[in-house]
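Please examine the model shown below.

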Amino acid sequence: MSVSIEEALAQLDPKLRKRLGSGVGVNYEYQPTPSFGLNRALGGGLPYGRQVLIWGSKSSAKSSMCLQMIALAQAEGKLCAWIDSEMSYSEDWARTLGVDPEKLIYSQARTISDMVDVGVGLMNAGVDLIVVDSITSMLPAIYFEKDTDEMKALENTKQIGAESRDFSNAWKMLNYANNKVKPTLLVLISQSRNNINAMYTSQQPSGGQATKFYSSCIVKLFSSESDNQAIKGKIKVGDKLIEEKIGRTIKWELQFSKTSPGFQSGEYDFYFRGDDIGLDTIGDLVTTAELNGIVERTGAWYILPDGTKVQGKEAFVNRVREDLDLQESIKAKLNG
């Protein structure tokens, strides 16, 4: 004979009963990224209260995408932190991407141990969003003499699996600390590394299997370094306009997700020079809307809601960029 949930809970010790309940109301808040296409694949954005891994090739704007995400979070009143183990943070670049550095907590934790101490402390202090840039640069405990911060000689640091073990323990501790005070979004940035097998060589993130296991979402970013793949535009130099490389096309792949359907992919343009620095949110909005049948197109012509036609995607993107009402209309249909 089965019992009801109320009857089962009533039989438990009162102290234990306080820690239990039904599965109703277990929901997650999502932090939108700057990419509408990625947000749609993620079901709204990256989930608070979870660990997320963003990895990929160099020059794929992983850090910049996260900085733009922090700018969006700050606009919503969220408190954010940046752990700069690569020592690559730039206040000017962060400002360019919309971040308010005065309201950003900054740390230069460069070891796995220091990162855990800082991360747990920030979670206990109620920080909403923490970005670690990057876990690839962090040193494990094996690099230091016992109970000191004095580094060993290089030949004494070659212990197999030391880094993966430290990261495994780190994620367990951070996972335990999360959601105690409030749900914190922990974003880990990782460079790609070669995984050499007997038959082939593949790319994978740093940190071992535990890094992927504890990550609720895994997003891979990739950008080609080929000159042919670069986005080029006119840059004013003195009284002349010179064609220069101003951006790259970034391909994204949602490799795994516990909070949305995984195995989705897309791309967006990222500009590091020119008038519109950062991820081209309007171009990405148009591409995503077109893929979902929200934007009407006939051949090379895009049709506006009033029946007006605009020739070419670039012209249509510029029209959407200038027409705020049209922007909001497309966003509403995309989010609806």
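Buried means under 20% relative accessible area, exposed over 50% and partly exposed in between, computed with a 1.4 Å probe on protein chains only. The model is predicted, so local features need pLDDT of at least 70 and side-chain atom pairs count only at pLDDT 80 or more, while totals for chains, interfaces and linings use all residues. Residues are numbered from 1 along each chain as its sequence is written, and side-chain values use heavy atoms, with hydrogens and water left out.

Q: Is Ser85 buried or exposed?
A: Ser85 lies in the loop between strand 4 and helix 5 (91-96); helices (H or I, at least four residues) and strands (E, at least two) are DSSP runs numbered from the N terminus. Its relative accessible area is 5%, and Ser85 is therefore buried.

Q: Which residues is Ser85 in contact with, leaving aside its neighbours within four places in sequence?
A: Contact means heavy atoms within 4.5 Å. With those neighbours left aside, the residues in contact with Ser85 are Ala109, Arg110, Asp133, Ser134, Ser137 and Met138.

Q: How many of the five residues of strand 6 (residues 129-133) are buried?
A: On one side of strand 6, Leu129, Val131 and Asp133 are buried, and on the other Ile130 and Val132 are buried. Strand 6 is therefore largely enclosed by the rest of the structure, the number of its residues that are buried being five of the five.

Q: Which residue in strand 7 is the bridge partner of Val131?
A: Two strands pair if DSSP finds at least two bridges between them. Strand 6 and strand 7 (residues 185-196) run parallel and are joined by five bridges. In strand 7, Val131 has as its bridge partner Val187.

Q: What is the handedness of the β-α-β crossover from strand 6 to strand 7?
A: From strand 6 the chain passes through helix 7 (residues 162-177) to strand 7. A crossover is right-handed if, with the strands pointing away from the viewer, the path from the first strand over the helix to the second runs clockwise. This crossover is right-handed.

Q: Which residue of strand 6 is the bridge partner of Ile83?
A: Strand 4 (residues 80-83) pairs with strand 6 in the parallel sense, over four bridges. The partner of Ile83 in strand 6 is Val132.
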